[in-house]
Amino acid sequence: MKSTGVTRKIDDLGRIVIPKEIRKNLGIRDGESLEIFTEEDNIILKKHSEIKKYEELSARLSELIENTFKINVIITDRQKVIATNLDKDLINKDIDKDLIYLIDNREEFVGRKDIYNYNSYVTIVPIIVSIDSLGLIILLNNEEKELKNLAKFMAKILSDKLNI
């Protein structure tokens with residue numbers, strides 16, 4: 001475990017402030033959930049990814065889309081790739097700042113883009129649950145055809161599952 005040299009006092013309600021620099025380095029946003037674990041006399045905080053619980057569903061969904069439509073799929077949470085029918089080495093790879101921007105701003109993208117060294121025509125749609133954007137559906141295709149409706153359909157399946 002890496003020491004930061006930072007100490008904080010617990011207030012009378014049991015709260016502790018995580019320093020801004022640590023939150024920034026770990027990509028923890030205001031309002032984001034953390035999981036709390038204990039190990040001997042240590043308290044461990046871990047970023048919580050709601051969509052990560054549905055990795056199996058995401059993997060099955062991407063496989064179904066590939067088999068049915070012959071389209072490559074990448075599904076992300078707010079930080080990493082959680083499912084893909086492309087190279088399995090992409091799983092758990094960090095997403096780049098352009099993709100984080102699309103998540104944070106709930107924006108869609110359609111056009112040619114290099115995604116993990118796959119330069120192809122892409123359709124990117126955020127996965128939105130309630131008011132929070134939890135990740136992305138990324139469809140990669142060699143042909144220049146818009147797949148926004150398919151991507152929105154996939155995002156809807158996952159967001160409905162997450163919105164319970």
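This is a predicted model: local features need pLDDT of at least 70, side-chain atom pairs count only at pLDDT 80 or more; totals for chains, interfaces and linings use all residues.

Biologist: Which residues of the largest nonpolar core touch the most other members?

Modeller: This core has 17 residues. At least two residues each come from helix 2 (55-69), strand 3 (72-76), strand 4 (81-84), strand 6 (118-129), strand 7 (132-141) and helix 4 (148-162). The members touching the most others are Ile75, Ile137, Leu139 and Met154.

Biologist: Which element gives the most to this core, and how many residues does it give?

Modeller: Both helices and strands contribute to this core, with helix 2 and helix 4 among them. The element that gives the most is helix 4, with 5 residues.

Biologist: What pattern do the helices and strands follow along the sequence?

Modeller: There are 4 helices and 7 strands in the chain. Read in sequence order, they give the pattern α-β-β-α-β-β-α-β-β-β-α.

Biologist: What share of the residues counts as buried?

Modeller: The C-alpha trace spans about 60 × 30 × 30 Å along its principal axes. The chain has an accessible surface of about 10,900 Å², with 49% of it belonging to carbon and sulfur atoms. Of the 164 residues, the buried share is 36%.

Biologist: Why do the buried residues of helix 3 lie on the same side of it?

Modeller: Helix 3 covers residues 97-104, and its buried residues are Leu99, Leu102 and Ile103. They are on the same side of helix 3 because the arc they cover around the axis is only 100 degrees. As a general point, an α-helix has 3.6 residues a turn, so residues three or four places apart point the same way.

Biologist: Which strands do those buried residues of helix 3 pack against?

Modeller: The residues in question are Leu99, Leu102 and Ile103. Their packing partners are strand 3, strand 5 (109-115), strand 6 and strand 7.

Biologist: Which residues is aspartate 132 in contact with, leaving aside its neighbours within four places in sequence?

Modeller: Aspartate 132 sits in strand 7, and its relative accessibility of 29% makes it partly exposed. From isoleucine 103 it is 29 residues away in sequence and 9.1 Å away in space, C-alpha to C-alpha. The contacts of aspartate 132, with those neighbours left aside, are Arg29, Arg106 and Ile127.

Biologist: Is lysine 70 buried or exposed?

Modeller: Lysine 70 belongs to the loop between helix 2 and strand 3. Its phi is near 60 degrees, a positive value in a residue other than glycine. The cut-off for exposed is over 50% relative accessible area, and lysine 70 has 64%, so it is exposed.

Biologist: And tyrosine 116: buried or exposed?

Modeller: Tyrosine 116 is in the loop between strand 5 and strand 6. Its phi, near 50 degrees, is a positive value in a residue other than glycine. Buried means under 20% relative accessible area; tyrosine 116 has 19%, so it is buried.

Notes:
Residues are numbered from 1 along each chain as its sequence is written. Side-chain values use heavy atoms; hydrogens and water are left out. A nonpolar core is a set of buried Ala, Val, Leu, Ile, Met, Phe, Trp, Tyr and Cys residues joined through side-chain atoms within 4.5 Å. Buried means under 20% relative accessible area, exposed over 50%, partly exposed in between (1.4 Å probe, protein chains only). Accessible areas come from the Shrake-Rupley method with a 1.4 Å probe; for residues, only the protein chains shown count as cover. The arc is that of the directions from the helix axis to the C-beta atoms. Contact means heavy atoms within 4.5 Å.
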